[in-house]
Amino acid sequence: MFYSREGSTAQIARGLAQATGGTLRELVDSRRMENGGMFRALLATLLRLGTTLVDPDYTVEPFEAVVVMTPVWIGNPAPAVTTFINNAVLKGKRVFIVAVGGTAANPGTIARLGKRLMARGASVVGHSEVLGYVPDPRAVRPSDQELVTEGVQLAETVRQAFESQP
Ligand SMILES: Cc1cc2nc3c(=O)[nH]c(=O)nc-3n(C[C@H](O)[C@H](O)[C@H](O)COP(=O)(O)O)c2cc1C
């Protein structure tokens, strides 16, 4: 399960799904991010509120292993991901967290997401912090193919985490 505003998390998720044979589910935020929308989204992020999703599918019953992938916004998960976690029935589910940021380390995001997941009854089997787009116009953007490869490489870490905590 992932949310992606700019597309980097989406490409990494594609690679991970390709390599694991997993099912991809994209969250769509109903709030447009242009103009005032981004401001509201940031406010919701800072206040750790959620948002409204378009055609949300909160069903996780068929899946015993869930990977939650979110871009990092000001040190927090994106509101769409917070909304998913607040609404899905996660009791007893094993979850791996992937935070995609403009810097490689976002421990606060992992910690906050982990806390929220555990409060919903899930167990967190592991996490990864991966590099997406650097929000600087001068920065070179990784290509879609490079991001997909990151996701493919992530698959082994994810597999090991689920296998070591059955
Ligand atoms: C509003 C905003 C806030 C961000 N805050 C952070 C941050 O605190 N730490 C970080 O490492 N990256 C931060 N980033 C960078 C994004 O996490 C990064 O570009 C990510 O790859 C975006 O994912 P996406 O392409 O799937 O939307 C921020 C980006 C935006 C737009």
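Hi everyone, let me start with Val130: leaving aside its neighbours within four places in sequence, Val130 is in contact with Ile12, Val98, Val100, Glu150 and Leu154. Contact here asks that two C-beta atoms, placed from the backbone, lie within 7 Å. Before I go on, please keep in mind that this is a predicted model, where local features need pLDDT of at least 70, side-chain atom pairs count only at pLDDT 80 or more, and totals for chains, interfaces and linings use all residues. Residues are numbered from 1 along each chain, as its sequence is written.

A quick word on confidence. pLDDT is the predictor's confidence in each residue, on a scale from 0 to 100. The protein chain has a mean pLDDT of 94, and 98% of its residues reach 70 or more. For the complex, the predictor gives an ipTM of 0.99 and a pTM of 0.95.

Is Val130 buried or exposed? Val130 counts as buried because it has 21 C-beta neighbours inside 10 Å. The cut-offs use C-beta atoms placed from the backbone: 20 or more others within 10 Å is buried, 12 or fewer is exposed, and in between is partly exposed. One of the contacts of Val130, Ile12, is 118 residues away in sequence, yet the two C-alpha atoms are 9.0 Å apart in space.

Strand 4, residues 123-131, also holds His127. His127 is buried, with 21 other C-beta atoms within 10 Å. Beyond four places in sequence, His127 touches Phe96, Ile97 and Ile110. Phe96 is 31 residues from His127 along the chain, with 5.5 Å between their C-alpha atoms.

Now to a pair of helices. Two packed helices are described by the angle between their axes and the distance between the axes. For helix 1 (residues 8-20) and helix 5 (residues 144-164), the axes come within 6 Å and cross at roughly 50 degrees. That angle makes helix 1 oblique to helix 5. The axes are lines fitted to C-alpha atoms over the stretch in contact, with angles from 0 to 180 degrees between N-to-C directions. Under 35 degrees is roughly parallel, over 145 roughly antiparallel, 65 to 115 roughly perpendicular, and the rest oblique.

Who meets whom here? On the helix 1 side, the residues include Ile12, Leu16 and Ala19, and on the helix 5 side they include Glu150, Leu154 and Val158. By class, this contact of helix 1 with helix 5 has 10 nonpolar, 7 polar and 4 charged residues. For the classes, Ala, Val, Leu, Ile, Met, Phe, Trp, Tyr, Cys and Pro are nonpolar, Asp, Glu, Lys and Arg are charged, and the others, Gly among them, are polar.

Next, Ala80, which sits in helix 3 (residues 79-87). Ala80 counts as buried, with 28 C-beta neighbours inside 10 Å. Its contacts, again beyond four places in sequence, are Tyr3, Leu27, Asp29, Thr51 and Leu53. Leu53 is 27 residues from Ala80 in sequence and 6.7 Å away, C-alpha to C-alpha.

Let me finish with the loops. Arg48 lies between helix 2 (36-46) and strand 1 (65-73), and its phi is near 60 degrees, a positive value in a residue other than glycine. Arg48 is exposed, with 12 other C-beta atoms within 10 Å. Ile74, in the loop between strand 1 and strand 2 (76-77), also has a positive phi, near 40 degrees. Ile74 is exposed, with 9 other C-beta atoms within 10 Å. Finally, Asp136 is in the loop between strand 4 and helix 5, and with 8 C-beta neighbours inside 10 Å it counts as exposed.

Definitions and conventions:
Helix = DSSP H or I, 4+ residues; strand = E, 2+ residues; numbered from the N terminus.
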